[in-house]
Amino acid sequence: MSVLLSDGRTIPIETHKIRIVQKVRLPPAAERLRAMEEAGYNTFLLRTRDIFIDMLTDSGTNAMSDNQLAAMMQADDAYAGSESFYRLADAVREVFGYEYLLPTHQGRAAEHLLAKVFVKPGDVVPMNYHFTTTKAHFELAGGKVLEIFTPEALQTQSECPFKGNLDLGRLDETIARYGPERISFVRMEATTNLLGGQPFSMENLRAVKQRLEGAGIPLVVDGSLISENAYFIRQREPGYENKSIREIIREMMALADICYLSGRKSCAVRGGFIATSNREYFDRIRPWLPVYEGFFTYGGMSSKEIEAMAVGVREMTELEVAGSSAEFVRYFVERLEAIGVPVVTPPGGLACHLDATRFLDHLPQAQYPAGALAAAVYIGSGIRGMERGTVSMDRDQEGRDVMSDLELLRLAVPRRVFTMSQIEYAVDRVGWLHRNRALVGGLEFYEEPPVLRFFAGKLKPLGDWGARLAEAFAREFGPAC
Ligand SMILES: *Cc1c(COP(=O)(O)O)cnc(C)c1O
């Protein structure tokens, strides 16, 4: 929720109180430099004891509610037939309107099962945008990911409300070119994570469905951030301003054939699932569940998490919950924009995204500007963000870097975790770094895994810019900051 103050400002305001806290510590700049060097300039490899504000991700880090924690105490740990599973299945039926539920240990496991069942070698999988784990699974199964976004998607400075829309003309061309037999399904990601959490519109989803229905191609929604997408539809799409998040989700789900998600995001737990009302799809996927995940009634999740997910699925449909991160992100983005820092606009769902291409316009893309910016922000503030650029793309078969469409640094705002003063601190330090951006140099890999390299790869700075940045910071703020 946001409130209008008497001085004219609109600020996000919490509709909860904080009753449990976890301590964090701000290590001084010299310590941060050492930690960054040990982590190979990869923020994934930092330890949380060295992090002041963890904006790596919203994945599994959203604050849980008292009701979620309470539900965990009634977990039924039966290997088979657990009542916890049936409580989750009821919640999914109520919120999504789907009959059948396949629990998985997290979102990528759902992608793995969908790839196994639907993606044949030589297939194409059209989508509004890829997600890292999605692309890896669909390509390992021999498929090719086709991203058919609209031209607005890659404009980081924009007023387009729905940059997550699928380009319908390109969808028609794709269907004509490959034919329904070679299209595994069309995937719509509810708020495109790697485009900066940008939503698609209901109108677009409806138009996609119309085209697929005739051709007999399944429509799959990645609903990891479905409540945020619904929140933006309510805010930005004419005719939806008076609908509830629940009604909007139901309308989206009535258009899709399958929804899968990572429960780590909108549901604020650690797990995932595939849901559908299509018996044939369910029957095809189901046999693989015990092979890769676990028995049908837990799918690799702990019973406690299943209970918390049943509550989380319902709570994410509350307007305050669906918008809790979005309202802070909007504030964060507007504050940075006001001081001239290049950010992705309009504000998206899960994070404030810095546009590293414009922020570090002196660096060529081959030197990984988004990776460099992630390291620089950490050294200059103790804030951990996540590189979403070329480091997050694996090399092609010839071993060449695949340049990312966008070079972004994601500063995630997990739901109900950070306060306004922490956001203000982030704005100030990112602003300082922007004024001192000439100090930031590029990176190169010295240890590089062949797949999803961004998780474990190690890089080093070209030159000693990390040390010079830490010194410049300490000169301005003192050695203790
Ligand atoms: C996080 C995420 C996934 C992968 O889910 P995990 O639970 O991390 O395995 C897939 N798609 C989207 C859109 C996501 O945000």
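**Close-up 1. The loop that holds Ala 268 in the predicted model.** Ala 268 is placed in the loop that runs between strand 9 (258-262) and strand 10 (272-276), in a model that is predicted. The backbone of Ala 268 has a phi near 60°, which is a positive value in a residue other than glycine.

Close-up 2. Asn 193 has a polar side-chain atom that lies 2.9 Å from an oxygen atom of the ligand.

Close-up 3. Between Thr 345 and Pro 346 the peptide bond is cis, and its omega is near -5°. Pro 346 itself belongs to the loop between helix 14 (324-338) and strand 11 (351-355).

**Close-up 4. Packing of helix 6 with helix 7.** Helix 6 (residues 168-178) and helix 7 (residues 202-215) have axes that come within 11 Å of one another and cross at roughly 15°. Because angles under 35 degrees count as roughly parallel, helix 6 is described as roughly parallel to helix 7. The crossing of these two helices is right-handed. On the side of helix 6, the contact is made by Leu 168, Leu 171, Asp 172 and Ile 175, while helix 7 contributes Asn 204, Ala 207, Val 208, Arg 211, Leu 212 and Ala 215. Sorted by class, the contact of helix 6 with helix 7 comprises seven nonpolar residues, one polar residue and two charged residues.

**Close-up 5. Packing of helix 14 with helix 17.** The axes of helix 14 and helix 17 (residues 420-435) come within 10 Å and cross at roughly 30°, so that helix 14 is roughly parallel to helix 17. In passing helix 17, helix 14 makes a right-handed crossing. Phe 328, Tyr 331, Phe 332, Arg 335 and Leu 336 of helix 14 make the contact together with Met 420, Ile 423, Glu 424, Ala 426, Val 427 and Val 430 of helix 17. By class, nine nonpolar and two charged residues take part in the contact of helix 14 with helix 17, and no polar residue does.

Methods: Residues are numbered from 1 along each chain as its sequence is written. This is a predicted model: local features need pLDDT of at least 70, side-chain atom pairs count only at pLDDT 80 or more; totals for chains, interfaces and linings use all residues. Side-chain values use heavy atoms; hydrogens and water are left out. Axes are lines fitted to C-alpha atoms, for helices over the stretch in contact, and angles run from 0 to 180 degrees between N-to-C directions. Helices (H or I, at least four residues) and strands (E, at least two) are DSSP runs, numbered from the N terminus. Angles under 35 degrees count as roughly parallel, over 145 as roughly antiparallel, 65 to 115 as roughly perpendicular and the rest as oblique. A crossing is left-handed if the near helix is turned anticlockwise from the far one by less than a right angle, and right-handed if clockwise. Contact means heavy atoms within 4.5 Å. Ala, Val, Leu, Ile, Met, Phe, Trp, Tyr, Cys and Pro count as nonpolar, Asp, Glu, Lys and Arg as charged, and the others, Gly among them, as polar. A polar contact is a pair of N or O atoms within 3.5 Å; within protein, one must be able to donate a hydrogen and the other to accept it, and residues adjacent in sequence count only if both atoms are side-chain atoms.
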